[in-house]
Amino acid sequence: MRIEHDIKLGFKDVMIRPKRSTLRSRSEVDLERTFNFLHSPLIWSGIPIMAANMDTVGTFDMAHTFAARKLFTAIHKHYSLKSWTEFSASLSPGMENYIAISTGIGGNDSKKLSDIFNINPNFKFICIDVANGYSEHFADFVKKTRDNYPDKAIIAGNVVTGEMVEELLLSGADIVKVGIGPGSVCTTRVKTGVGYPQLSAIIECADAAHGLGGQIISDGGCSFPGDIAKAFGAGADFVMLGGMLAGHDESGGEMIKKNGKPYRKFYGMSSATAMEKHVGGVAEYRASEGKTVEVPYRGAVEQTLQDILGGLRSTCTYVGASRLKELTKRTTFIRVNEQENRVYND
């Protein structure tokens, strides 16, 4: 046993210090980025914000809306092949650039992944997703997937430390998903005692990834547009969102009414709700590590996207970053004990 004494930070622990800027308007900020990848020959350009591969977020409807704005969606892994066929037929040319096919690490998962690529070989991204990316079996699966799909871009996670980011990149991943326990409907930290504050995880993992020529995704922990800006400022290449995108027309989740008002169910993918829906219940050897909540219905996701992208542009103007790529170089974090005046908050 050992103890690390340096403080690890989450988004609520810091704010970004403003700096002198020559920008006259938020409209001058360019949020698009272009990435080359460590293993894949692909070149990707777009706004590096992702809808999470949860069945209450990473839907085909969300993908249509996101791709039209050059935003990214990791489609959840529970759609049928028939649904994938119909979805593929509905895509406009180039939309495949903004979609990842999610997969687990079982034999059936490999077969389904192959079947989806047979439906549309133009899909370019694979998201290999497990809650615990620290197993040797997971790294082996990443290696096999790289061998099978040398031209595809591979996302792998989740991890929160630099050494495992390096392991996954060397095993064949192009992008590593970072985050254990920060999500709004994740209970891993209280069920297991395991986790890592998200801001510090991003800083450590981005440093490891960029040293090898890879990228990272900050997955989880964003409650407000300012948190997304902090994630990019800390070095994240992509930011993945779950709860901020729940409750919309494009989101999955059962629609219900409470006190005459509409809500949509939102739950973690390790929750009892998700496991009962997709695998028949919680296995006797494990516990549920997610919660189920009811999110007030929020209409079309476009308004939320405008709020997110507008906030990010505003951050860039406060620190003088004309491009999103410059934000991390222009970011100085200050430690704080408060974020906002909450006198009129419920």
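Let me begin with Gly181, which lies in the loop between strand 9 and helix 6. Please bear in mind throughout that this is a predicted model. At 13% relative accessibility, Gly181 counts as buried, because the cut-off for that class is under 20%. Setting aside residues up to four places away in sequence, Gly181 touches Cys186, Thr188 and Arg189.

Why start there? The UniProt record, an unreviewed entry, carries the annotation "binding site", and it covers Gly181 and Gly183. Such annotations may be inferred rather than shown by experiment. Gly183 also belongs to the loop between strand 9 and helix 6. Its class is partly exposed, at 25% relative accessibility. Beyond its neighbours within four places in sequence, Gly183 is in contact with Gly220 and Gly221.

Cys186 sits in the loop that runs between strand 9 (175–178) and helix 6 (188–192). With a relative accessible area of 26%, Cys186 is partly exposed. What does Cys186 contact once its neighbours within four places in sequence are left aside? The partners are Gly181, Glu289 and Gly290.

I turn now to a buried loop residue, Thr56. Thr56 is placed in the loop between strand 4 (49–51) and helix 1. Its relative accessible area is 1%, and Thr56 is accordingly buried. Apart from neighbours within four places in sequence, the residues in contact with Thr56 are Ala246, Ser251, Gly252, Gly253, Lys265, Phe266 and Tyr267.

Next, helix packing. In general terms, two packed helices are described by the angle between their axes and the distance between the axes. For helix 2 (residues 81–90) and helix 3 (residues 107–119), the axes come within 10 Å and cross at roughly 30°. Helix 2 and helix 3 are therefore roughly parallel to each other, since angles under 35 degrees fall in that class. The crossing of helix 2 past helix 3 is right-handed. On the helix 2 side, the contact is made by Leu81, Trp84, Thr85 and Ser88; on the helix 3 side, by Lys112, Asp115, Ile116 and Ile119. Sorted by class, the residues of this contact between helix 2 and helix 3 comprise 4 nonpolar, 2 polar and 2 charged. As a general point, an α-helix has 3.6 residues a turn, so residues three or four places apart point the same way.

The second pair is helix 4 (residues 136–148) with helix 5 (residues 162–171), whose axes come within 8 Å and cross at roughly 30°. That angle makes helix 4 roughly parallel to helix 5. From helix 4, Phe138, Ala139, Val142, Lys143 and Arg146 meet Glu167, Leu168 and Ser171 of helix 5. The classes in the contact of helix 4 with helix 5 are 4 nonpolar, 1 polar and 3 charged.

How many of the 9 residues of helix 8 (residues 225–233) are buried? The number is 8, so helix 8 is largely enclosed by the rest of the structure. The buried residues in helix 8 are Pro225, Asp227, Ile228, Ala229, Lys230, Ala231, Phe232 and Gly233. Following helix 8 comes Gly235, with a positive phi near 120°.

That brings me to backbone geometry. Most residues other than glycine have a negative phi, and most peptide bonds are trans. Against that background, Lys70 has a positive phi of about 65° although it is not a glycine. Lys70 lies in the loop between helix 1 (60–68) and strand 5 (72–75), and with a relative accessible area of 35% Lys70 is partly exposed. Asn259, likewise a residue other than glycine, has a positive phi near 55°. The location of Asn259 is the loop between strand 12 (255–258) and strand 13 (261–267). Is Asn259 buried or exposed? At a relative accessible area of 80%, Asn259 is exposed.

Finally, the peptide bond from Gly157 to Asn158 is cis, with omega near 20°. Asn158 itself is in strand 8 (residues 153–159).

Notes: Residues are numbered from 1 along each chain as its sequence is written. This is a predicted model: local features need pLDDT of at least 70, side-chain atom pairs count only at pLDDT 80 or more; totals for chains, interfaces and linings use all residues. Side-chain values use heavy atoms; hydrogens and water are left out. Helices (H or I, at least four residues) and strands (E, at least two) are DSSP runs, numbered from the N terminus. Buried means under 20% relative accessible area, exposed over 50%, partly exposed in between (1.4 Å probe, protein chains only). Axes are lines fitted to C-alpha atoms, for helices over the stretch in contact, and angles run from 0 to 180 degrees between N-to-C directions. Angles under 35 degrees count as roughly parallel, over 145 as roughly antiparallel, 65 to 115 as roughly perpendicular and the rest as oblique. A crossing is left-handed if the near helix is turned anticlockwise from the far one by less than a right angle, and right-handed if clockwise. Contact means heavy atoms within 4.5 Å. Ala, Val, Leu, Ile, Met, Phe, Trp, Tyr, Cys and Pro count as nonpolar, Asp, Glu, Lys and Arg as charged, and the others, Gly among them, as polar.
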